[in-house]
Structures are given as C-alpha cells and as structure tokens.
Amino acid sequence: GGIVANVVGSPVATDIDYASGTKAVSLDGYSYFVVPAASNPLAGATGMTLVAIFRPSGPGYVGAWDQVYWLRFFDSIAHVIVETLHPKTALDAGCAVGFLVSALLARGVDAYGIDVSEYAIAQVPHWITDRCRVQSITVPLHSQYSVISCIEVLEHLSEADGGAAIANLCAHTKAVLFSSTPDDTEEPTHVNVQPPDYWQALFRANGFVWDESYNATYISPQAR
C-alpha cells in the first residue's frame with residue numbers, strides 16, 4: 001500500500017516499545033508504527049523534534065489497526081487471561097475492531113466478539129471477520145463461553161440497558177471480566193457512569209459475585 005503522511009502541530013512523542021526493534025509515538029492518545037530501529041537513521045538519537053508522522057496504509061492496516069498502543073494493550077490482556085483463566089472459548093462483548101478477539105485467537109482460544117457499531121465491525125481485519133459481528137450486548141446470546149469480557153462498554157448504555165446486558169452476559173458464562181469507568185463523566189457518550197458497587201449489585205442480582213482472589217487490574221484499576 002501507499003504511505004500516508006499526517007502533518008501535525010505540536011506533537012508529543014513517547015518512547016513506547018511495541019516489539020523488538022520498533023518504537024511508537026503517541027499523538028493525542030493515538031499511537032502508530034514507526035520505522036524499525038535497524039532501518040532508522042535516527043536510531044541512535046537521544047531526542048528529536050517531531051514535525052510529521054507517517055503511518056502505513058493499505059492491506060493489513062485498516063483503520064484503528066495501525067494504533068500500536070491498543071494492539072499492545074489488548075495483547076497484554078489476552079496473555080494474562082490465557083495464563084490465569086485458561087479459557088477454551090471467549091466472547092468480547094463490545095469488541096470494537098477486534099483487538100482482543102485477535103489476540104486471544106492467536107493464543108489458541110476460540111474467541112468471538114460482538115459490537116453494536118457497524119462502523120467498528122467494518123474495520124475488523126479479514127482474519128477474524130467470521131468471528132466478530134454486529135449485535136447489541138442486550139440481545140440474547142446463543143452460546144456459552146468459558147469467559148466473557150466487557151471492557152469499558154456499559155457506561156455507554158442507559159441504566160435499563162446496562163442491567164439487561166449484565167443479565168445477558170451472566171446467562172452465558174461462569175466468568176465475566178468487567179470494567180467500567182467510575183468517574184469519566186466528561187465523555188458525552190458516557191450516559192451511565194457508576195461506582196463499582198453499583199455494578200457489583202447488578203451482578204449479584206444475577207448470581208455473580210466479585211472474585212476477590214483474582215486481580216483484574218491488568219485491565220484497569222476498577223476491573224473485576
């Protein structure tokens with residue numbers, strides 16, 4: 001594919017290691033692949049002023065799939081899920097473009113994802129298009145899963161829909177990995193921001209309790 005250049009103003013560079021021999025830079029929360037160190041004439045530099053950023057486009061780089069930070073983040077989550085929970089099957093409820101689904105699949109988990117956003121599902125890469133589909137988290141699922149993840153999703157739903165979603169998840173697994181921001185009320189799409197105790201009560205009403213022996217903070221500080 002071609003190379004797209006995005007000229008930006010006052011960017012802030014961060015030194016993020018994604019894989020051996022590569023670095024990433026972050027601009028306003030978005031990260032991108034950069035030139036491998038072996039091919040980079042500035043590899044020995046201790047600092048630089050960034051005036052433009054280049055990101056790959058074309059086959060294999062669809063939409064959000066060129067964001068290094070999120071690829072790395074969900075890859076690390078998948079690693080811990082597999083190491084600690086050993087799931088055979090998994091569902092990511094609110095999968096967006098499929099980062100976690102792909103990372104779990106790469107580790108041998110029979111993983112699937114659902115998301116209400118047609119736009120997000122349209123960006124799912126070709127190797128998992130048969131595993132991710134457009135579906136509301138409130139619509140009854142048709143399978144049982146070893147684990148269901150729901151990461152920063154339910155704050156986007158009304159209280160009624162959030163309750164229905166939790167009942168739906170609990171009916172189709174014995175383990176839910178859950179995270180919802182307790183304080184980000186500035187985001188306009190966050191219509192139901194609640195403390196952990198609120199969500200805990202809804203899970204308890206469906207026969208689920210927090211497993212205090214399991215440390216899920218590798219997902220977020222509030223994850224359970």
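In which loop is His-86 found? Select His-86, and you will be in the loop between helix 1 (68-85) and strand 5 (89-93); helices (H or I, at least four residues) and strands (E, at least two) are DSSP runs, numbered from the N terminus. The phi angle of His-86 is near 50°, which is a positive value in a residue other than glycine. His-86 counts as exposed because its relative accessibility is 58%, where buried means under 20% relative accessible area, exposed means over 50%, and partly exposed lies in between (1.4 Å probe, protein chains only).

Before going further, please note that this is a predicted model, in which local features need pLDDT of at least 70 and side-chain atom pairs count only at pLDDT 80 or more, while totals for chains, interfaces and linings use all residues. Residues are numbered from 1 along each chain as its sequence is written, and side-chain values use heavy atoms, with hydrogens and water left out.

Now show the whole chain as a cartoon. The chain has five helices and nine strands, and read along the sequence they follow the pattern β-β-β-β-α-β-α-β-α-β-β-α-β-α. Of its 224 residues, 41% count as buried.

Next, select Val-147, which lies in strand 8 (residues 147-151). With a relative accessibility of 6%, Val-147 counts as buried. Leaving aside residues up to four places away in sequence, Val-147 touches several others, among them Leu-85, Pro-87, Thr-89, Ala-175 and Leu-177, where a contact means heavy atoms within 4.5 Å. If you draw a distance from the C-alpha atom of Val-147 to that of Leu-169, 22 residues apart along the chain, the separation is 9.6 Å.

Move on to Glu-152, in the loop between strand 8 and helix 4 (159-170). Glu-152 is not a glycine, yet its phi is positive, at about 55°. A relative accessible area of 26% makes Glu-152 partly exposed.

Helix 2 (residues 99-106) is the next stop, and it is mostly covered, with six of its eight residues buried. The buried residues include Phe-99, Leu-100 and Val-101. After helix 2 comes Gly-108, where phi is positive, near 90°.

Now look for charged pairs. Side chains of opposite charge can pair when their charged atoms come close. The structure holds two salt bridges, a salt bridge being a side-chain nitrogen of Lys or Arg within 4 Å of a carboxyl oxygen of Asp or Glu. One of them joins the side chains of Asp-75 and Arg-107 (3.0 Å, N to O). This pair links distant parts of the chain, since Asp-75 is in helix 1 and Arg-107 is in the loop between helix 2 and strand 6 (110-115), 32 residues apart.

To see another salt bridge, select Asp-110 and Arg-131, whose side chains meet at 2.7 Å, N to O. Asp-110 lies in strand 6 and Arg-131 in the loop between helix 3 (118-122) and strand 7 (132-134), so the pair ties together parts that are 21 residues apart in sequence. Asp-110 is partly exposed, with a relative accessible area of 28%, whereas Arg-131, at 18% relative accessibility, counts as buried.

Finish at Glu-186, in the loop between strand 9 (176-179) and helix 5 (196-205). Its relative accessibility is 74%, so Glu-186 counts as exposed.
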